[in-house]
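Please look over the structure shown here.

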Amino acid sequence: IRGAPQSGVQVLVNGTAVPVTFAGAQLTYPGLDQINVQLLTSLAGSGEVTVEVVANGTSSNSVLIAIR
C-alpha cells in the first residue's frame, strides 16, 4: 500500500467493503505499512471470514480471520 492514497485502499471482509480509517506507513518500524479498519457490527459472530486488501486496483492474497 506504500504510496497509495488512503482513498485508493479498500478492505473487503467476505466480499463486503469495510471503512478504512488509516492506510499508510507505520513510522515506528521502517518498511511496515499499516491499515486500520472499522469492522461492521453485522459481522459479529461470523466465525471464519476472508479478508482482502485492494490498493490502487491491485488485490492482495486473502487471509482467514475468526470473528466472534
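Helices (H or I, at least four residues) and strands (E, at least two) are DSSP runs, numbered from the N terminus. Residue numbers start from 1 along each chain as its sequence is written. The model is predicted, so local features need pLDDT of at least 70 and side-chain atom pairs count only at pLDDT 80 or more, while totals for chains, interfaces and linings use all residues.

Gln26 sits in the loop between strand S3 (20-25) and strand S4 (33-37). Gln26 is buried, at a relative accessible area of 19%; buried means under 20%, exposed over 50% and partly exposed in between, with a 1.4 Å probe and protein chains only. Apart from neighbours within four places in sequence, Gln26 is in contact (heavy atoms within 4.5 Å) with Leu32, Asp33 and Gln34.

Strand S1 (9-13) has four of its five residues buried, so S1 is largely enclosed by the rest of the structure. Two strands pair if DSSP finds at least two bridges between them. S1 pairs with S5 in the antiparallel sense over five bridges, and Val13 has Val51 as its bridge partner in S5. S1 also pairs antiparallel with strand S2 (residues 16-18), over three bridges, where Val18 is the bridge partner of Val11. S1 and S2 form a hairpin with two residues between them, and Asn14 in the turn has a positive phi of about 50 degrees.

A nonpolar core is a set of buried Ala, Val, Leu, Ile, Met, Phe, Trp, Tyr and Cys residues joined through side-chain atoms within 4.5 Å. The largest one has seven residues, among them Val11, Val13, Val18 and Val51. S1 and strand S5 (47-55) are the elements that give two or more residues to this core.

Notes: Side-chain values use heavy atoms; hydrogens and water are left out.
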